[in-house]
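Good morning, everyone, and thank you for making the time. Please have a look at the sequence and the model while I get started.

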Amino acid sequence: MTDQAVAPTVRQVADKHRYEIRIDDAFAGLTMYRDRGEQRVFYHTRIDDAFAGRGLASVLVREALNDVRATGRRIVPVCPYVKQFLGKHGEFADITDPVTAEILQWLDEAAKQEASR
């Protein structure tokens with residue numbers, strides 16, 4: 001008897017500014033973002049240790065970036081994993097903007113405002 005592998009599901013949780021990946025409804029990881037005009041600035045990706053080594057970060061980021069494309073936004077890869085993913089997947093180059101000092105400052109200010117709430 002063999003176990004059927006459960007396919008991961010990715011969903012956006014807009015009120016928390018993130019995409020989540022789940023396995024059989026169990027939280028497996030996330031990629032976090034902030035929207036800046038027409039840009040979606042990705043700044044952190046994490047997969048829970050219990051789900052590591054399954055390629056879930058790649059699935060998560062690919063689905064998130066596909067969603068960005070579908071919404072007509074652009075990608076800014078502050079997150080090292082998203083930046084690495086984009087380096088291997090040129091199909092997103094047409095919607096990717098560079099990380100600038102201005103964006104980093106804006107992201108830092110947004111984080112401070114969120115923390116003060």
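This is a predicted model: local features need pLDDT of at least 70, side-chain atom pairs count only at pLDDT 80 or more; totals for chains, interfaces and linings use all residues.

Residues are numbered from 1 along each chain as its sequence is written, and side-chain values use heavy atoms, with hydrogens and water left out.

Let me begin with the sheet, which is open and has 5 strands in the order β1-β2-β3-β4-β5, with mixed pairing. Strands here are DSSP runs of E with at least two residues, helices are runs of H or I with at least four residues, and both are numbered from the N terminus; two strands pair if DSSP finds at least two bridges between them. The edges are held by β1, residues 9-13, and β5, residues 74-77, and each has a single partner strand, so one side of each is left without a neighbour in the sheet. From one strand to the next, the twist averages 30°.

On this sheet packs helix α1, residues 56-71, which touches β1, β2, β3 (26-36), β4 (39-47) and β5, contact being heavy atoms within 4.5 Å. The direction of α1 makes about 165° with that of β4, where axes are lines fitted to C-alpha atoms, for helices over the stretch in contact, and angles run from 0 to 180 degrees between N-to-C directions. Helix α2, residues 80-88, lies across β3, β4 and β5 and runs at about 120° to β5.

Now to strand β2, residues 18-23, which pairs with β1 in the antiparallel sense over 5 bridges. Within that pairing, Val 13 stands opposite Arg 18, and Val 10 stands opposite Ile 21. The hairpin of β1 and β2 has 4 residues between the strands, and His 17 there takes a positive phi near 55°. Towards β3, which also runs antiparallel to β2, there are 6 bridges, and Arg 22 has Phe 27 as its bridge partner.

How many of the residues of β2 are buried? The count is 6 of 6, where buried means under 20% relative accessible area, exposed over 50%, and partly exposed in between, with a 1.4 Å probe and protein chains only. Arg 18, Glu 20 and Arg 22 point one way from the strand, whereas Tyr 19, Ile 21 and Ile 23 point the other way.

Finally, the two residues. Val 6, in the segment before β1, is partly exposed, with a relative accessible area of 42%.

Thr 31, in strand β3, is buried, with a relative accessible area of 1%. Its side chain makes a polar contact with the side chain of Thr 45 at 2.8 Å, a polar contact being a pair of N or O atoms within 3.5 Å, of which, within protein, one must be able to donate a hydrogen and the other to accept it, and residues adjacent in sequence count only if both atoms are side-chain atoms.
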